[in-house]
Amino acid sequence: MNAYQPRAAAHAFVLFEVLRAHERIAELPALAEHADTTLLTQVIEEAGKFVGEVIAPINREGDEVGAQWKDGAVTMPPGFRDAYQAFWQAGWPSLACATEDGGQGLPTVVEAVLHEQLNAANHGWTMAPGLLHGAYECIRHHGSDALKARYLEKLATGEWLATMCLTEPHAGSDLGLARTKAVPLADGRFALSGTKIFISGGEHDLSDNIVHLVLARLPDAPPGPKGLSLFVVPKLYEDGSRSSVHCERIEEKMGIHASPTCVMRFDDAAAWIVGEPGKGLNAMFVMMNAARLLVGLQGVGLLDAAWQKAHAYAQERRQMRAPSSGSRAGEADFIALHPAIQRILGTQRAWIDAGRVIAYRTALELDTQKHHPDAARREAAARWCSLVTPVLKSAWTEQAFSGASACLQVFGGHGYVREWGIEQHVRDARVAMIYEGTNEIQAIDLLVRKTLPDGAASVLALLAELAHDASDPRAREALARFGHFVREALLPGATGGDAPADRPFWLADDFLRAFALLLMAWAWSRIADTPGGDAGAQAAFWRWVWPEFEMRMSLMHNTLAAAPR
């Protein structure tokens, strides 16, 4: 089966027709010179060519061979190092990095398009550069001048790769349980000791050096998350000597076989602190939030890759006669004519196109938050990013897995056979629901940490913004209804009496999913207002996806009535 191929025209349609990205970019003095549709389209097209010609063709062999560990060293699958060297030398990692750091200073949304393409083409390979920009931003905002001088350009250009070392054997998402220690040394550095697990790209041969960003505790640090500090320790120091950081093994995983998921042991490894003592999570969240947007883009990209395969197969596979067939007696029809297949493909297309609008809008808001001269616009952009990022990460990674499984169904028995490639998408997509905070944690983050503490002011403001921007009456009515539900049923005291402390946690998953469907309704309203949109996918959304909103609202009402324990 043919490998995934980026469709630059589809990306450009969302960027310049639906979202009018060039107009948004023109409002930002730091980026205004790049508000040129010809330039940005050329970058997207060239990115697509590179991804389609260099990255996509090595996906299958990468899955079959996998990363190989021996005596602490990891060898990547055939072609992976050459592809990465070509990638960074062509300047692709540096698209959205500052020019003074060796970057190209382009808008973040261009990098978002690139990463959607990369993840769709080769999820395992893309895991390596996926953390680069977050590591760059982390050191840029929190590192000392010496650390910036040593690492910024190497990370901006992608010459060196980076890791994010958070999880420990006894502590997953509860980072406050981390035990890795950092002991001060006489020369101002620190000796790091501890074990981190599930470290993507902790060891490999893609780049000549790897920069590890590690959460650890100082000797006098208090327990819990406030006692964590952030440190940087490279694989190789400036003099060429190797640090005492060891890859003990790599995990044997369900998917992304080409990405080495490492157990890393730090044995008094000399490291430098990043930012202030005890403020490690503040610094690390810069990296984690960037990663969450990219994981949402993984969901969009992986779903698109699965859809491409299923759509192509449906155009060439004949099976029985379709109910509305005009075929001659006894002649089988292409399965694309069967209603069941149309429903599967249309549903995924509805998720892909809406997800692309939402993800690209989020990337535009990141730049607005950084660069817009008006404080109110920056505040609105920050609100969008805070609320939408966990929704994008959770809902679209879930759909990438379930949608890829549905696309496998299009192939029938052939889908379960490796040679067609669709089963790899199912395996690869599953992990995105887990990392960078499980989807359940994203839901809790949205409702418990971001909606309720300010009396839902941020959520209600965003709902009002979406309603003002949506022309479809179905979208406007649902946005108003959801806002009423938030005010009258979720806020403390709204229903009279004291609500159980655990009630929001029971509601969180349905709340996030309903919010995702509202964002999709807004996105499809925008697409519908734009000439050239996919009318079939729009109809599929309202017919087969949108009814879930009623289900989620009913589930939340049932939860409020039953108050489960």
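## A left-handed pair of helices

Let's start with a crossing: helices H8 and H9 meet in a left-handed way, meaning that the near helix is turned anticlockwise from the far one by less than a right angle. This is a predicted model, where local features need pLDDT of at least 70, side-chain atom pairs count only at pLDDT 80 or more, and totals for chains, interfaces and linings use all residues. Residues are numbered from 1 along each chain as its sequence is written, and side-chain values use heavy atoms, leaving out hydrogens and water.

Two packed helices are described by the angle between their axes and the distance between the axes. For H8 (residues 132-142) and H9 (residues 145-157), the axes come within 9 Å and cross at roughly 160°. That makes the two roughly antiparallel, a label for angles over 145 degrees. Helices here are DSSP runs (H or I, at least four residues), numbered from the N terminus.

## What touches what

On the H8 side, the contact (heavy atoms within 4.5 Å) uses Leu132, Ala135, Tyr136, Ile139 and Arg140. H9 brings Leu147, Lys148, Tyr151, Leu152, Leu155 and Ala156. Sort these contact residues and you get nine nonpolar, no polar and two charged.

H8 is also mostly covered, with eight of its eleven residues buried, that is, under 20% relative accessible area. Among the buried ones are His133, Gly134, Glu137 and Cys138.

## Aromatic pairs

Now for the rings. A pair of aromatic rings is described by the distance of the centres and the angle of the planes. Rings of Phe, Tyr and Trp (its six-membered ring) pair if their centres lie within 6.5 Å, and the whole structure has 22 such pairs. In one of them, Tyr313 and Trp420 sit 5.3 Å apart centre to centre with 80° between the planes. That counts as edge-to-face, the name for planes over 60 degrees apart.

Tyr313 lies in helix H10 (residues 280-314) and Trp420 in the loop between H12 (375-410) and H13 (422-430), so this pair ties together parts 107 residues apart in sequence. Tyr313 is buried, at 3% relative accessible area.

Technical notes: Axes are lines fitted to C-alpha atoms, for helices over the stretch in contact, and angles run from 0 to 180 degrees between N-to-C directions. Angles under 35 degrees count as roughly parallel, over 145 as roughly antiparallel, 65 to 115 as roughly perpendicular and the rest as oblique. Ala, Val, Leu, Ile, Met, Phe, Trp, Tyr, Cys and Pro count as nonpolar, Asp, Glu, Lys and Arg as charged, and the others, Gly among them, as polar. Buried means under 20% relative accessible area, exposed over 50%, partly exposed in between (1.4 Å probe, protein chains only). Rings of Phe, Tyr and Trp (its six-membered ring) pair if their centres lie within 6.5 Å; planes under 30 degrees apart count as stacked, over 60 as edge-to-face and the rest as tilted.
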